[in-house]
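Thanks for joining; I would like to walk through one model this morning, going from one local feature to the next. Please have the sequence and the structure open while I talk.

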Amino acid sequence: MPISLADRVIYLAYDPGITPKEGGLPGLDVLKKVVSSINMFGIIAVVGALAISLGVWAWGHHSGGHQAEANGKKGAVVSAGAALGLGAANGIVAFFSALGTQVK
């Protein structure tokens, strides 16, 4: 018995049958290298931002500039958070990707 078009659409809405596979597109290795390089660039930039923020924090503290001290603290916290996010990006995506495969 053939399946009607409406039943096929309903079935596809529940199970499209798509799973991520490696090697399906040309240039995947190049894309991985580009994304890894962008991540490394971001980590290096965060190291610079953290060094500058800590310098501003120290300068503000020793010169009595409360605004500069507060901005240095904020910069240090933001830099630390950015470093955490950049370092954990692969693990976060892998975790939620695995979690997404469990959704039925």
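This is a predicted model: local features need pLDDT of at least 70, side-chain atom pairs count only at pLDDT 80 or more; totals for chains, interfaces and linings use all residues.

In which helix is Asn39 found? Asn39 sits in helix α2, residues 28–63, where helices are DSSP runs of H or I with at least four residues, numbered from the N terminus. Residues are numbered from 1 along each chain as its sequence is written, and side-chain values use heavy atoms, with hydrogens and water left out.

Asn39 is partly exposed at 26% relative accessibility, on a scale where buried means under 20%, exposed over 50% and partly exposed in between, with a 1.4 Å probe and protein chains only. Between Asn39 and Gly87 there are 8.3 Å in space, C-alpha to C-alpha, although they are 48 residues apart in sequence. Also in helix α2 is Met40, which is partly exposed with a relative accessible area of 47%.

Turning to charges, the whole structure holds one salt bridge, meaning a side-chain nitrogen of Lys or Arg within 4 Å of a carboxyl oxygen of Asp or Glu. Lys73 and Glu69 form this contact at 3.9 Å, N to O, and they are separated by about one helical turn because they are four residues apart in helix α3, residues 66–101. Lys73 is partly exposed at 38% relative accessibility, whereas Glu69 is buried at 14%.

Terms used
Helices (H or I, at least four residues) and strands (E, at least two) are DSSP runs, numbered from the N terminus.
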